[in-house]
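Subject: Structure handover and findings

Hello,

Here is the structure we talked about. Please open it alongside this note; the findings follow below.

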Amino acid sequence: MQSMTTPDRTLDQILDLAAAHFKVPRQKLTPDDDFFKTLKIDNLQALDLLPRLEHHFHIELPDYELQGVSDFRTLASRIQSRL
């Protein structure tokens, strides 16, 4: 039986992946950060992280699911709903 990933664990993994992907210290990122501001990235750079998240969580996230998402907690809930 596959164990379910908790929302907190999903959030943690996203923060780890984002820190690695954008080469920033993990402790600089918090769940409610606006990642565009915190990481100083634009939409294109944010989309660059998408394949990594999809691969890690074994899901497909359509672009429209991410419209208006700018913080890690919301991103985690979108991913969590697909697990």
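The buried residues of α1 have α3 and α4 among what covers them. Contact here is heavy atoms within 4.5 Å. Helices are DSSP runs (H or I, at least four residues), numbered from the N terminus.

Some ground rules. This is a predicted model, in which local features need pLDDT of at least 70 and side-chain atom pairs count only at pLDDT 80 or more, while totals for chains, interfaces and linings use all residues. Residues are numbered from 1 along each chain as its sequence is written, and side-chain values use heavy atoms, with hydrogens and water left out.

Helix α1

Which residues of α1 are buried? They are Thr10, Leu11, Gln13, Ile14, Leu15, Leu17, Ala18, Ala19 and His21. Buried means under 20% relative accessible area, exposed means over 50%, and partly exposed is in between (1.4 Å probe, protein chains only).

The helix length checks out. The 15 residues of α1 should span 21 Å at 1.5 Å a residue, and the end C-alpha atoms are 21 Å apart, which agrees. The expected span is 1.5 Å times one less than the number of residues. After α1 comes Lys23, with a positive phi near 55°.

Salt bridges

The structure holds five salt bridges. The criterion is a side-chain nitrogen of Lys or Arg within 4 Å of a carboxyl oxygen of Asp or Glu.

Start with Asp12 and Arg26. Their closest N and O atoms are 3.0 Å apart. Asp12 sits in helix α1 (residues 7-21) and Arg26 in the loop between α1 and α2, so this pair ties together parts that are 14 residues apart in sequence. Asp12 is partly exposed, at 38% relative accessible area. Arg26 is also partly exposed, at 27%. A network of salt bridges links Asp12, Asp16 and Arg26.

Next, Glu65 and Arg82. This salt bridge has its closest N and O atoms 3.0 Å apart. Glu65 lies in the loop between α3 and α4, and Arg82 in the segment after α4, so the pair ties together parts that are 17 residues apart in sequence. Is Glu65 buried or exposed? Glu65 is buried, with a relative accessible area of 17%. Arg82 counts as partly exposed, at 34%. Neighbours within four places in sequence aside, Glu65 is in contact with Arg78 and Arg82.

Then Lys37 and Asp34. Their side chains meet in a salt bridge at 3.9 Å, N to O. Lys37 is exposed, with a relative accessible area of 64%. Asp34 is partly exposed, at 25%.

The largest pocket

What is the volume of the largest pocket? It is about 310 Å³. Of the 18 residues that line this pocket, Phe36, Ala46, Leu47, Leu66 and Val69 are the closest to its centre.

On method: the search runs on a 1 Å grid over the protein atoms alone, a pocket is an open set of points where a 1.4 Å probe fits, with protein on both sides within 12 Å along at least five of seven lines, and lining residues have an atom within 4 Å of a point. Volume is the space filled by probe spheres set on the points, which are joined across faces, edges and corners.

Three helices each supply at least two residues of the lining: α2 (35-38), α3 (43-57) and α4 (72-80). Which helix gives the most to the lining? That is α3, with six residues. By type, the lining divides into 14 nonpolar, three polar and one charged. Nonpolar covers Ala, Val, Leu, Ile, Met, Phe, Trp, Tyr, Cys and Pro; charged covers Asp, Glu, Lys and Arg; the others, Gly among them, are polar.

Two threonines

Thr30 is in the loop between α1 and α2. Thr30 counts as partly exposed, at 36% relative accessibility. Leaving aside neighbours within four places in sequence, Thr30 is in contact with Leu15 and Phe72. Thr30 and Phe72 are 42 residues apart in sequence and 7.6 Å apart in space, C-alpha to C-alpha.

Thr74 lies in helix α4. Thr74 is partly exposed, with a relative accessible area of 26%. Thr74 and Leu29 are 45 residues apart in sequence and 14 Å apart in space, C-alpha to C-alpha.

Best wishes
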